[in-house]
Amino acid sequence: MSFHVLTDPVAPAFESRRYRRRSALLAATAISLLSSGAAYAAEGGANDALLRKLEKMEQRIQQLEAELKQKQDRPAADAEAKRTAKTAALASANAAAPSADTKNATAKPADQKTEPQSSEKSTKPKSKDFMALPPLPAASDKPILGLADSPVPGLSIGAYGEIKFGTMQNPAAGGQWQKGFDAARFVLLPTYAITPNIIFNAEIEFEHAGAGFDNDDKLHGTAEIEQVWIDFKIIDQFNWRSPGVDLVPFGYINQHHEPTQFYSVNRPELYNGIIPSTWKVPSTSVYGTITEDLKYQVMVSASNEDFGDSFDNRTDAKTVPLPGTAYIAGIDGVNALGFSRPPLGDFQQLNNATAMSGRLDFTPTFWAGFAGSISAYYSPNTTPRGAHDDFGNFLGRSSLAMFDAEFRYRVPDTGLELRGEYVRAEFGHPENLRANNDTDPTNNVGKSMYGYSGEIAYHVPLGTILNSEWEAVPFYRYTYMNLQTGGVAGTDANLPTGQGQRQYHTAGFAVFPSPKVVLKATYQRVIDKSATGALSDSFLGGVGFFF
């Protein structure tokens with residue numbers, strides 16, 4: 001913000017003319033008096049008293065000239081003083097305010113959109129240590145949706161979103177190709193620094209156009225709180241995140257799922273089931289920096305639940321439907337853990353189990369361009385209250401343990417980028433899972449599920465277009481998942497269909513007109529071992545943004 005002193009443009013010229021006239025008059029008077037003194041000295045000798053008067057008059061002339069000059073300089077000095085005072089006031093007002101990127105640079109740990117991304121596509125300052133509290137700018141430098149200055153010191157609002165379109169096979173229609181469009185999501189990211197060490201964060205998400213499912217508008221969408229918490233910044237090594245809604249610190253894309261962070265139109269396949277992204281839970285956590293190369297987060301949360309049905313099928317006693325009424329499994333051999341996330345509101349959780357999870361992020365300083373993480377999750381029981389098979393028999397407990405390891409490597413001084421990931425889920429007593437007791441033998445679950453993927457991409461500079469440095473990133477990713485690793489003795493027959501063993505060949509390109517915007521095109525070939533095949537291929541385009 002700049003400050004301007006409003007002055008009369010005529011005043012300086014007028015003051016200058018007055019100064020010249022007054023100086024000329026004083027000079028003429030002095031010359032006249034000096035001439036008179038010289039004549040008197042020639043006629044009768046020097047008069048000491050007269051000379052002393054002349055000296056005093058000369059001193060007075062110099063004093064008057066100094067006063068005139070001071071009056072001329074006063075407007076500029078006043079303007080500078082006002083500018084200095086206002087700048088100081090703004091700096092004071094922002095003593096409790098973070099920079100515009102505090103949403104990710106100060107309020108979230110490295111695994112919450114702040115970790116350096118090997119692809120260098122991050123639109124927020126990923127290279128900053130998430131624990132740092134940078135110098136605080138003036139309020140005018142804080143963006144509201146990147147378009148206008150923030151009127152409130154300490155307040156920042158960002159956003160991300162994605163639009164998808166194209167054609168895909170519908171396995172429910174025998175593999176028929178169907179065109180479509182999806183306003184997949186629009187997310188607002190408000191952050192407010194209550195103090196430099198107490199920071200509020202939230203994500204407010206509108207999915208699939210965010211409209212209600214009504215007969216007259218033919219729209220189906222949701223509006224939800226994806227994240228909300230308050231961070232208490234204590235020291236670099238230890239900080240506390242208050243109870244709220246947060247993302248499980250598991251994997252990379254689960255916590256960095258903005259569309260500029262991956263190159264395909266849809267999220268990577270491992271995050272569409274085995275890792276139920278976006279995996280958000282009621283939770284609290286601690287996090288910090290162990291060394292320059294190593295950061296951590298440890299979370300306590302509500303457990304995932306083996307219940308995938310609607311809220312209408314929960315009883316007032318907070319149980320699954322009474323025996324004799326079927327319900328949908330939350331964990332199965334077709335959708336993996338996709339429907340098992342715990343409910344977020346109104347005390348609707350169906351069990352009392354508490355889950356633990358944690359993640360270590362490493363960005364070794366001795367290995368430029370490399371970053372990775374390892375994650376773990378454990379719940380002692382995913383069985384909801386009142387769980388039963390279709391014959392009315394109650395089901396016992398079943399634990400869930402998960403492990404993930406991933407890396408990202410941007411080879412220095414080249415455009416080459418490599419990514420890889422492995423994830424595994426282990427079930428303590430799979431015979432108690434609803435999928436093995438729902439009279440449907442095609443969705444059975446074994447002792448484990450696992451998946452892995454490898455990706456290669458190359459960054460190609462396209463030069464300056466529309467006053468921006470454009471870049472194209474062609475890529476290819478291979479993914480394998482096995483969601484039905486073996487039969488388990490529940491009440492269902494062990495007849496896995498093979499559709500839980502899937503291969504994904506995903507290829508395409510992403511064009512970045514700016515690090516904040518991406519245009520995508522993707523072809524995906526899906527193969528499984530079912531009798532009909534997956535029948536889930538697709539050609540998709542997309543537009544994404546993150547600022």
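Student: What should I keep in mind before we start?
Tutor: This is a predicted model, where local features need pLDDT of at least 70, side-chain atom pairs count only at pLDDT 80 or more, and totals for chains, interfaces and linings use all residues. Residues are numbered from 1 along each chain as its sequence is written, and side-chain values use heavy atoms, with hydrogens and water left out.
Student: Okay, how many salt bridges does a search of the whole structure find?
Tutor: The search finds 14, taking a salt bridge as a side-chain nitrogen of Lys or Arg within 4 Å of a carboxyl oxygen of Asp or Glu.
Student: Which residue does E269 meet in a salt bridge?
Tutor: R477, with 3.1 Å from N to O. E269 sits in the loop between β7 (238-247) and β8 (280-291) and R477 in strand β16 (residues 468-482), so this pair ties together parts 208 residues apart in sequence. Strands here are DSSP runs of E, at least two residues, numbered from the N terminus.
Student: Is E269 buried or exposed?
Tutor: Buried, at 6% relative accessibility; the term means under 20% relative accessible area, with exposed over 50% and partly exposed in between (1.4 Å probe, protein chains only). R477 is buried too, at 2%.
Student: Switching topic, what about R408?
Tutor: R408 pairs with E406 at 2.9 Å, N to O. R408 is buried at 1%, and E406 is buried at 6%.
Student: And where does R419 come in?
Tutor: The R419 side chain forms a salt bridge with E417 (2.9 Å, N to O). R419 counts as buried at 11%, as does E417 at 1%.
Student: Which residues do shared partners join into one network?
Tutor: E162, R185, E205 and E207, through salt bridges that share partners.

Notes: Helix = DSSP H or I, 4+ residues; strand = E, 2+ residues; numbered from the N terminus.
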